[in-house]
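Subject: Structure handover

Hello,

Here is the structure you were expecting, with the sequence alongside. My notes follow below it.

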Amino acid sequence: MTVADVIGQFLSGLARAGVLFLIAAGLSFIFGVVKIVNFAHGALYMVGAFFTYSFAVTLGVPFWASVPLAAVCVAVIGLAMEVLLFRRVYGRPVADQLLLTFAMVLIIHDLVRLAYGSNLKSVPRPPLLAGAVFLGDIVFPSYYIFIILTGLAVLLGFWAFLHKTRLGKTIRAAVGNREMVACLGKPLPWLFTAAFVAGVFVDGLAGAIGAPLGGIRLGMDFDIIILAFATVIVGGFGSLPGTALAAFIIGEAYAFGIWFMPAIALSLPFIIMAAVLIVRPWGLLGRSGGGEL
Amino acid sequence: MKRWSLVALAVVALALPQVAEPIVVHTAIEILIMALFAMSFNLLFDGAGLLTFGHGCYYGVGAYTAALLMTEVGMPMFPAVIGAMVMAGLAALVFGYFCVRLTGVYFSILTLAFAQLMFSVFQQSYTLTGGDLGILDIQPPAFLVAVNSYYYFTLLVVGVSLWLLWRIIHSPFGRTLHASRDSVVRTQFIGINVRQYRLAAFVIAGVFAGLAGALFAPFNRAVAPFLVSWVKSSDPVLMTLLGGAGTFWGPVVGAAVFTTLHAVAIGYTTYWLLLMGGILLLGVLFLPGGILGFLEERFRGIAAARATRLTEARGASPNASAD
Amino acid sequence: MLLRTQALTKTFGSLRAVDGVDLVVQPGRLHAIIGPNGAGKSTFFNVITGFFPADSGSVIFKDQDITQLPPHVISRRGVVRAFQRGTIFQTFTVFENVQVAMLSRTGKTRNLFGLAGGLLREETLGILATLGLADQADVRAGHLSHGDLKRLEIGIALGMEPELLLLDEPTAGMSPEETAAQAALMQRLVTEQGLNIVFTEHDMEVVFGIAQWITVMHQGRVIADGKPEDVRRDRQVQAVYLGEEL
């Protein structure tokens, strides 16, 4: 075990964290603004990955175009979901909303199986990013760097949007006080739609850029949604920096866990999540005042 | 449900093995077990306002405990079932202690987290739980091997359990849980330590879920980690919502419909999740009260209309006094 | 002396909602707490009843320190609160709303197998009669009119057999007839049933009509505390209410 190995593992964790961050950020954002816990988030991530496969491999579209195309397609699906389904249940008890998103999980899962079958698929990394950067003994796979940069870009982009633009500030205000914002004349339903679509877009993007990392398969949806929940909870619902921090922790815990204690590695995210929920339910960087008895 | 329909149900249930094919009886046993599972879930959901996405955890713990006790320890079935209930109750006590400190979405997610944790544990421990393969060749006692016998046995156990659950729901304890569902704050202010009562409900629900699992293990002859997962946990949620969470018999109706649908659909299509999801979707959007809720509304409407017609008829009678 | 607070303080961020409040509640009289909006009256109730933990100071009830106790314990000790917004059990009937409080009071809620339906019928109906709600016993609480809702709130509190009843704006949103009935009810509860009542109010007619002791709060602090006629003449109080008809 050399320093190079450790750094290599660290980078792998960072890349994993990057993808996880994108998914969790979308989930957290949607919950923060629209107050819906989108169980279907993992399923949409999976759809993003499969769409990328369709564009890049089946249709031969260049990778650089496939990724945004796939993300946009997923966003369109999200739009349809919000307008056709979620709008009907806004006033209803939380349970109804949870169940609706859960129904979508099941439907999307089988639709994907119908369209793509149960076999493992893979998306190759684009030639530009297929190699690695070498620093002495340390190998930086270029694709990992790409993911990390994308994650950072999205983090900064989100932050800038929320804090520097008019629409973003309105959204932050809406999170704080809905009635007030409605009074100000901004059309609330479309605000929700926009927020939902944005969150789903980032989710699809995660699926797209995460596709070349490992295989694409059915079951990704179930696996990742729990991790996404864990990330959002550990970081704190509605806190973007918190989500980034949590993604980092969980990504690295997984990477090093797999290395040192493979038996526990799979359980680590849940252990961390359970620990956070027990000790500090509002997350590392979230705000107290919601969800404790 | 009215008296007569209960009696009719009992008659049908008792007569079933005499008139139906073994495969039907087999499905009926499944329905009974699922009904108990769903009922225990609804004690928390409709009874206390707690939506748990991890109830499969206690079902699975019950199933595995029974399986292990019967195969490894060689215990006869009845004490094994008791042991299963105890273990499930313990698991519910430990996990529930943490879950009831949270409300709403956080509660739901933590229940899910614990279920998934158990799933990982069960999946990883080859020596104890057989890992991915699970535990196989669980044999019920000789006198229960026949499908009909197992059916009557399950009918008895589930029947008694349902009666117990009915008593609990209608007891002062059950009332208090209902109150906490309507308003946690108000319940605290009438002197109730809501957390404690919720934990009690959680444990009771866990015990009954464990019982259901323990009935399943010898019936299915095998258990696998899937039983503990959060996907299995969604079964009682779907069944209860399908049948109607706001009624006592809702989960039973839901279990019957769901299980029968599954048994039939499996023959025609492998896209079972799509079907389930679709039904759940339509159910949430258009039938928020579930099947029984919908029927209740209908009958209430009919009864109200009939009452109106009667009063109108009386009013038009020539013997009515003038005002 | 029934209840006493000493230097009770509760801050939210930079807002001192309750700022070093010293208050004494003597038994046997109707005690009103008044003050403009935001004076801290509701927060004060919330802290006394354990809904918010106090940041500093103490609350003594009948020589026992109840300062950091949780709400369910304080309710059992005899300090019971009715809420401003009619926080009742929506899916229960009027009868069941009060009954569940009585069940809790008598320790019957730990009963897992008895049937709750007919328990404590007479006692519950008795309370409903006092409140004039007996004829609506089987009505779902969610369908009640506003005035009846407020009365039911008090009913639930009465089910706890309180020694000290804290009423948060008991006549808010009521018509003049309902207000008069509510005020009369409060007086009856004190004189006939020996209850002690502390209530917050905005309706000055009610306050000066029935209160035998008045505490005035402003910005989290007590600025006056005494008999109605003394409070009425207090210059600070007049300044705070800026020429309002007292």
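Helix α6 of chain C covers residues 176-193, and its length can be checked against a simple rule: at 1.5 Å a residue, its 18 residues should span 26 Å, and the end C-alpha atoms are 25 Å apart, which agrees. Please keep in mind that this is a predicted model, so everything here is computed from predicted coordinates.

Which residues of α6(C) are buried? They are C:Q182, C:A183, C:M186, C:L189 and C:V190. Seen down the axis of α6(C), these buried residues fall within an arc of 115°, so they line one face of the helix. The face turned away from that buried side carries exposed residues, namely C:P176, C:E177, C:A184, C:R188, C:T191, C:E192 and C:Q193. As for partners, the buried residues of α6(C) pack against β3 (30-34), β8 (196-200) and α7 (204-210) of chain C. Just after the helix comes C:G194, which takes a positive phi of about 65°.

Now chain C as a whole. Chain C has 9 helices and 10 strands. A compact globule of 246 residues would have a radius of gyration near 18 Å, and chain C has 18 Å, which agrees. The C-alpha trace of chain C spans about 55 × 40 × 30 Å along its principal axes. Of its 246 residues, 46% count as buried. Taking the contacts in chain C between residues at least 6 apart in sequence, 65% join residues at least 24 apart.

The domain assignment divides chain C into domain 1 (1-78 + 165-189 + 196-246) and domain 2 (86-161). The centres of domain 1 and domain 2 of chain C, taken over C-alpha atoms, are separated by 26 Å. Where they meet, 8 residues of domain 1 of chain C are in contact with 7 residues of domain 2 of chain C. On the domain 1 side, the elements giving two or more residues are β7 (164-168) and α6 of chain C. By class, that side of domain 1 of chain C has 5 nonpolar, 2 polar and 1 charged residues.

Next, chain B. There are 14 helices and 0 strands in chain B. Its radius of gyration is 22 Å, close to the 20 Å that the globule rule gives for 323 residues, so chain B is as compact as a globular protein of that length. Along the principal axes, the C-alpha trace of chain B spans about 85 × 55 × 35 Å. Of the 323 residues of chain B, 54% count as buried. Among contacts in chain B between residues at least 6 apart in sequence, 78% join residues at least 24 apart.

One residue of chain B to look at is B:W249, in the loop between α11 and α12 (250-268) of chain B. Is B:W249 buried or exposed? B:W249 has 20 C-beta neighbours inside 10 Å and therefore counts as buried. The C-alpha atoms of B:W249 and B:P141 are separated by 31 Å, the two residues being 108 apart along the chain.

Finally, the chain contacts. Which chains share the most contacts? Of the 2 pairs of chains in contact, it is chains A and B. That contact takes 36 residues from chain B and 34 residues from chain A. On the chain B side, the elements that give two or more residues are α5 (104-124), α10 (194-220), α11 (230-243) and α13 (272-286) of chain B. The largest share of that side, 13 residues, comes from α5(B). The side of chain B that touches chain A divides into 25 nonpolar, 9 polar and 2 charged residues.

The contact between chains B and C takes 19 residues from chain B and 30 residues from chain C. On the side of chain B that touches chain C, α7 (147-169), α8 (172-182) and α9 (184-188) of chain B each supply at least two residues. α8(B) gives the most to that side, with 6 residues. By class, the side of chain B that touches chain C has 8 nonpolar, 7 polar and 4 charged residues.

Chain A and chain C do not touch, and their nearest C-alpha atoms are 11 Å apart.

Regards

Definitions and conventions: Residues numbered from 1 in each chain as written. Chains lettered and ligands numbered in written order. Predicted model: local features only at pLDDT ≥ 70, side-chain atom pairs only at ≥ 80, totals over all residues. Helix = DSSP H or I, 4+ residues; strand = E, 2+ residues; numbered from the N terminus. Nonpolar A, V, L, I, M, F, W, Y, C, P; charged D, E, K, R; others polar. Rg over C-alpha atoms; globule rule 2.2 N^0.38 Å. Buried ≥ 20, exposed ≤ 12 C-beta atoms within 10 Å, placed from the backbone. Expected span 1.5 Å × (residues − 1). Arc of directions from axis to C-beta. Domains from an automatic or database assignment.
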